[in-house]
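Please look over the model shown here together with its sequence.

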Protein chains: 2
Amino acid sequence: MTDYKIINGTVLSFQEGAPVLEQKTLYIEDGRIAFFPAHEDRTYETVDASRRLIMPGLVNMHTHAYMTLMRNYADDVPFQEWLFNRVMPVEDHLPTEAAYWTSMLGMMEMIRTGTTTFVDMHMYHRQSALAARDTGMRAFIGRGLVGEDLYKDGYSRFSQALEEKEEFESGRLRFILSPHAIYSCSEKLLCQVAEEARKHHMLKQTHLSESVTEVEDCLKQHGKTPVRYLQDIGFLDSETILAHCVQMQGDDLDIIRASGASIVTNVASNAKLGNGIAPVPAMQAKGINVCIGTDGTASNNTLNMLREMNLLSLIHKGAGRDCMAMPSDYIVRAATYNASAALHDQQIGNITEGACADIIFVDLDAPSLFPNNNIISSLCYSANGSEVDSVMIDGRFVMRKGELLTIDKERVYHEVEKYFDHVKKETAQ
Amino acid sequence: MTDYKIINGTVLSFQEGAPVLEQKTLYIEDGRIAFFPAHEDRTYETVDASRRLIMPGLVNMHTHAYMTLMRNYADDVPFQEWLFNRVMPVEDHLPTEAAYWTSMLGMMEMIRTGTTTFVDMHMYHRQSALAARDTGMRAFIGRGLVGEDLYKDGYSRFSQALEEKEEFESGRLRFILSPHAIYSCSEKLLCQVAEEARKHHMLKQTHLSESVTEVEDCLKQHGKTPVRYLQDIGFLDSETILAHCVQMQGDDLDIIRASGASIVTNVASNAKLGNGIAPVPAMQAKGINVCIGTDGTASNNTLNMLREMNLLSLIHKGAGRDCMAMPSDYIVRAATYNASAALHDQQIGNITEGACADIIFVDLDAPSLFPNNNIISSLCYSANGSEVDSVMIDGRFVMRKGELLTIDKERVYHEVEKYFDHVKKETAQ
C-alpha cells in the first residue's frame, strides 16, 4: 500500500482529552500514523495539506446504515405511525441483498461528511460487513437481537453473527452484539447476550430509555427504571454502549457512571421523534463517557456528524438558557476521542504515533469557515459537512478532493432505486 | 441581459402558502419568471435542470453581514463578555471601508447556501449597499439607529441613510430603518423613526424581547412588556419586522398579531447566546407571519439558512417533545414565501408568473438528499447547504454549478485578513 508524507497541514489532536492544534508533518506508513519516518529508505507520496485542518475522522457511534433508503420517508408523523405503518412495512419487503446497497448509500454520505468509523445495528449483518469491506470504512457491526431466548428463537441469528465475525473480522471490521431494547428482549436473552459477549470478547450496544413510554412501562413492569433494571440483571459494564438515554431519572446517571458504560447521544433523532432532549450536560458533569451518533436517516434525516455536533451544542444552550453549555472543545472530543474509550480501541479517535490513519482533511478556506478565528469552534458552530475534502481510513484515501474513490455513486443509486421500486410495489398490494 | 429557458427541473412554488411540486419549464425574461414565452422572437439560453429542484431563493430576514469577520471570534463566553470585551472592541477599530469586504464575505456564504435576499442591520449602510450591488444579491439594508433624538444625535446617520436611499435604491436594493432596540433608543427616537418610516414609505426592523434582562428592565421601567410598550407608543404596524421575540409574556403575541407586524426568529443565535428558545409554535398557532434569520456570524456562527431551518424544526420538536411541531412545509414556507408579506414585496419568495427570478437550483442527486422520498422534508431535515449548485438573482446567475460568478474569493479573503490584522494590532495596544 502507498505511504504518505502529509505536509503543511494544521493537525488537531487530543492531549489528555483536550484539543491541541499544531503545524506538523505526518507520515502514514502501512496505514499507521507516524510523526517521524520510521523507514528512511521508503518512498512517500507527498500530500500538500496547505490551508487544511487534519483531524481524526468522526466516529458515528450509533446508526442503522441500511435505513438510508428511508430518508425523508416518514416525517412529521407520530411515532406509532412512523414505526408500524411506515418503517416496518418497508423492512418486511426489502430483499436482504438490497441492504448491501442501502448501507453503501449511507456510507457515501458518511464519508462525504467526514465520518471514518460507524457503529451499525440491525439485522443485515452480512450486507453491512460486505459494504464496509468494499467502501473501506471502519465499522463496528452490531447484530440486532430480539426475543425470549438467545438459544431458541434468536439462535440462528446469533450463530450466524458469530460465523460472520469469524469470516470478516479484521482490524477494520469488528462485530458487536446489539440486543434491541429492554422491551423487545427478555431478561433471559439480555443475560445470555451479556454472557456471550464476555465469552467472545465482544462489545454490546442497546437502545435504552429512549422514550417516556419505555421508562413508564419499565417502572410498571419491574418497579425500577430501565437503567436500574439493566444494572440489576448484570448487563452494564465498561464493554456496554447505551444509545439514547434521553429519559434519565433518579440515580440513573450515577449507575451508568459507576458501571463504566458509555452513552451515545442522538440529538436529532430524539428531537425529531418527539422523545425530547437527553440530559447531556449532566452526563458530562458526572464524568460519563459521552459519544455522538446520528441514528438512522429515517429519524434524522441525515448521517452528517457535523450537523449533529452543532445541534447538540445549540439545543442545550437554548433549552438550558446557558451560553456556556456544551462548548465546542467538548463537542469535538465527543465526536472523535471519546469513541476510543467506548470502543476499547486506542488506535482510533486521535492522531497519535502508531494510531490508525483515520484522518480527514477540512478545507479552512471554505466560505463557511473563513476567517479561521477559532478552528475548534468552527467545527462545532460553522461547519456543515461540505468542508471535508479528503478522507483517509486505515491509511487509504476513500475520498480525495471531493471525489469518492471506493463508491460508484451511479451504481448505488441505480440499485437503491430498483429495490425501493420493488418494495413500493409489494407494500401497495 | 440574457434570457433563459429552464427545462427538465422540478419546480417548488407555493399556492396559497402551501408548497407544490411540478415538472415545468420556466422562462426567464428581463429578470422575471414566465411560464410561457411572452416574446416568441427572443433567443433563450437553455438551462438543463434535470435532477434539480428549482425553488424560490431563501430569504435571510435578519443578519448583520459585515460581522462575518467575527465568525467564531467569541464563543462559549457569557453575553456581557461577548458584547463588551470581544465584539465592540473590534467594531471600534474596524475601518469603515473594511465593511465592504466583510459584508461581501457574508454574501459569499449566503449565495453558496442558497440565500438570494437578506435583510441587513448595522451602521455600515453604504458599504453594505456597495457590496450587495457588486455581488448581485437582493438586499434590504437597515440603518442601525440609537440615541435620544433622531434629529439631534442621530441626525447625521439618518440623513445619510436617506441620501444613500436616494443614491442606491433600485428594484434589488432597498432601504429600511432599524432602530436597534428599546434599551438603546429613547421613546422619542422610536416615535420619530416610526413617523419618518411612514413619511418615506420605509419598512422598519428592530430587535425585540431578545433576552430575559431586556424584558425585566422594561417591566421595571415602563410597567409593561417590550411588545406592549412598542404598541403603546405607536411603533407596531404591518410595516414592522421584529427580530427575536424570544421572551414573550401575557398577550404579547396577540398584540403582535393584531398589529400585522412580522416576526423573524433567529433560533441559532438565541440558543448560542443562551437567550433561550422563542415560542414559534405559538406564533404559528396565532397566525403571525413568521420568517427566519441567521443573525450575524458572531452569534451563530454561519449564515446558512438551511442549517437554520433544520435547527428551528428540531429544537421545537425536542424541547416540546412533539414530533409534529414545526413540520417541514411550514419551515420551507417561513424561509421563502413568508418574507414576501413581511417585506411587502409580492415579487419575491415564490415562483409565479412575473415574479423576480430569484431562484436556486438544488442537486437532488446529492448524497445527503438521495433517495428523494420527500423533497420538502429533505430541505428541512437533510440538506446542509452544499446541495445548492446554482443561484440566480434578478434573472442573473451569481453562482453556477458551484462557481461564484460575482465574487472574487481570493480578493475578499485577502482584504478581510488585512483589515482584521489591523484591528488585532489596534485592540492589542
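Residues are numbered from 1 along each chain as its sequence is written, and chains are lettered from A and ligands numbered from 1 in the order in which they are written.

**Confidence**

The mean pLDDT of chain A is 95, and 100% of the residues of chain A reach 70 or more, pLDDT being the predictor's confidence in each residue on a scale from 0 to 100. For the model, the scores are ipTM 0.97 and pTM 0.97. Where pLDDT is low, predicted coordinates should not be read in detail.

**How the chains meet**

Counting two residues as in contact if their C-beta atoms, placed from the backbone, lie within 7 Å, 54 residues of chain A are in contact with 54 residues of chain B. On the side of chain A that touches chain B, the elements giving two or more residues are α2 (98-112), α9 (267-272), α11 (305-319), α14 (375-381) and α15 (409-428) of chain A; here helices (H or I, at least four residues) and strands (E, at least two) are DSSP runs, numbered from the N terminus. Of these, α11(A) gives the most, with seven residues. By residue class, this side of chain A divides into 24 nonpolar, 19 polar and eleven charged residues, where Ala, Val, Leu, Ile, Met, Phe, Trp, Tyr, Cys and Pro count as nonpolar, Asp, Glu, Lys and Arg as charged, and the others, Gly among them, as polar.

Chain A is superposed on chain B by a rotation of 180° with 0.0 Å of shift along its axis, at an RMSD of 0.0 Å, and the two copies are therefore related as by a two-fold rotation axis. The superposition is by least squares on the C-alpha atoms of residues with pLDDT of at least 70 in both copies. Because 100% of the interface residues of chain A are also interface residues in chain B, the copies meet through the same surface.

**Strands of chain B**

In chain B, four strands form an open sheet of mixed pairing in the order β5-β4-β1-β6, two strands being paired if DSSP finds at least two bridges between them. The edge strands, each of which pairs on one side only, are β5 (32-34) and β6 (45-48) of chain B. Neighbouring strands of this sheet are turned by 25° against each other on average, direction ignored, with axes taken as lines fitted to C-alpha atoms, for helices over the stretch in contact, and angles running from 0 to 180 degrees between N-to-C directions. Strand β4 (residues 26-29) of chain B pairs with β5(B) in the antiparallel sense over three bridges, and the bridge partner of Glu29(B) in β5(B) is Arg32(B).

Another strand, β9 (residues 115-122) of chain B, has eight of its eight residues buried, so it is largely enclosed by the rest of the structure. A residue is buried if 20 or more other C-beta atoms lie within 10 Å of its own, exposed if 12 or fewer, and partly exposed in between, with C-beta atoms placed from the backbone. Strand β8 (residues 58-63) of chain B runs parallel to β9(B) and is joined to it by four bridges, with Val59(B) opposite Thr117(B). Six bridges join β9(B) to strand β10 (residues 138-145) of chain B, again in parallel, and there Asp120(B) stands opposite Ile141(B) in β10(B).

**Local backbone features**

Most residues other than glycine have a negative phi, and most peptide bonds are trans.

| Cis peptide bond | Omega |
|---|---|
| Asn300(B) to Asn301(B) | about 10° |
| Phe370(B) to Pro371(B) | near -5° |

Asn301(B) is found in the loop between β15 (290-292) and α11 (305-319) of chain B, while Pro371(B) is in the loop between β16 (359-363) and α14 (375-381) of chain B.

Cys245(A), although not a glycine, has a positive phi of about 50°; Cys245(A) lies in the loop between β13 (240-244) and α8 (252-259) of chain A and counts as buried, with 27 C-beta neighbours inside 10 Å. Glu16(B), also a residue other than glycine, has a positive phi near 50°, but Glu16(B), in the loop between β2 (10-15) and β3 (18-23) of chain B, counts as exposed, with 6 C-beta neighbours inside 10 Å.

Notes: This is a predicted model: local features need pLDDT of at least 70, side-chain atom pairs count only at pLDDT 80 or more; totals for chains, interfaces and linings use all residues.
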